[in-house]
Amino acid sequence: MAGLQAKTLMFVLAAALATLGRTFVEADFSKNFIVTWGKDHMFMNGTNLRLVLDKSAGSAIKSKVAHLFGSVEMLIKLVPGNSAGTVAAYYLSSTGSTHDEIDFEFLGNATGQPYTIHTNLYAQGKGNREQQFRPWFNPTNGFHNYTIHWNPSEVVWFVDGTPIRVFRNYESEGIAYPNKQGMKVFASLWNAEDWATQGGRVKTNWTLAPFVAEGRRYKARACLWKGSVSIKQCVDPTIRSNWWTSPSFSQLTASQLTKMQKIRDGFMIYDYCKDTNRFKGVMPPECSKKQF
């Protein structure tokens, strides 16, 4: 019990220090994001975001600043009803052909059919690391929390506080890891009817447009990217606001592991590390490593 109390206290203290270190971004979309496309198809004001898609255009935003390590989170309510062909995306990304990227994408479906929660990771421009899940809740009925946490040890995808996936740092063994490029936060709603729903077999029903996805309470408790100097600064454990460097965040707790395994056992529908046909038997090297 004492150990649990100490770990809880450490988390609270780390969060407070992160705020003191000015790593917390206030949850105001209009102050922290800019429109990348579809200005007439979106609304953001204060803590509210509304992305719209019709046959003429979708919409997208990106954060004004980039981060390296920490946590970003947003409450999201997906397109209700027949969302086939639509994709709502929420992700981190740098730029260029060797970019890093950490993805949540939500693939729509016909009325009554479940969404697909699609996750992926790019490191040094290389992706093809998809894992997909069916939601164990209705993602269109109210808002749910989607958090991306990453530090020098691991990347973790959370849904409503429950981890669903981990990608560990094996850079010392020649496996690329996203730790040298600042990434901005992106959110978008767009038409992907050529592939999003059942491999493109189910198309977007434009008579149901406009399609709307909503976001609330964006938060970033993360290291502000200031160029290459941040590669060292954001991992420096002597900087009090770098809470993510604490050993307690280097691996999931036993309770978190138990919760995650239940989700993966019950709701995972695709894991690239099990797709031997796709990789013709030569599996990505991280697939043979311990991730959890």
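Visitor: Welcome me in, then: what should I know about the model before we start?

Guide: It is a predicted model in which local features need pLDDT of at least 70 and side-chain atom pairs count only at pLDDT 80 or more, while totals for chains, interfaces and linings use all residues. Residues are numbered from 1 along each chain as its sequence is written, and side-chain values use heavy atoms, with hydrogens and water left out.

Visitor: Why is E130 called buried?

Guide: Buried means under 20% relative accessible area, exposed over 50%, and partly exposed in between, using a 1.4 Å probe and protein chains only. E130 has a relative accessible area of 14%, so E130 is buried.

Visitor: And why does R278 count as partly exposed?

Guide: R278 has 31% relative accessibility, so the label is partly exposed.

Visitor: Where do E130 and R278 sit in the chain?

Guide: E130 lies in the loop between β9 (116–122) and β10 (131–133), and R278 is in the segment after β16 (268–271). Strands here are DSSP runs of E, at least two residues, and helices are runs of H or I, at least four, numbered from the N terminus.

Visitor: What makes the link between R278 and E130 a polar contact?

Guide: The term asks for a pair of N or O atoms within 3.5 Å; within protein, one must be able to donate a hydrogen and the other to accept it, and residues adjacent in sequence count only if both atoms are side-chain atoms. The side chains of R278 and E130 are joined at 2.7 Å.

Visitor: Which other residues does E130 touch?

Guide: Contact means heavy atoms within 4.5 Å. Leaving out residues up to four places away in sequence, E130 touches residues including H118, T119, N120, R165 and Y270. With its neighbours within four places set aside, R278 is in contact with N128, E130, Y270 and Y272.

Visitor: How do you know that the chain agrees with a compact globule?

Guide: The radius of gyration is taken over C-alpha atoms, and the globule rule is 2.2 Å times the number of residues to the power 0.38. For 292 residues, a compact globule would have a value near 19 Å, and the chain has 19 Å, so the two agree.
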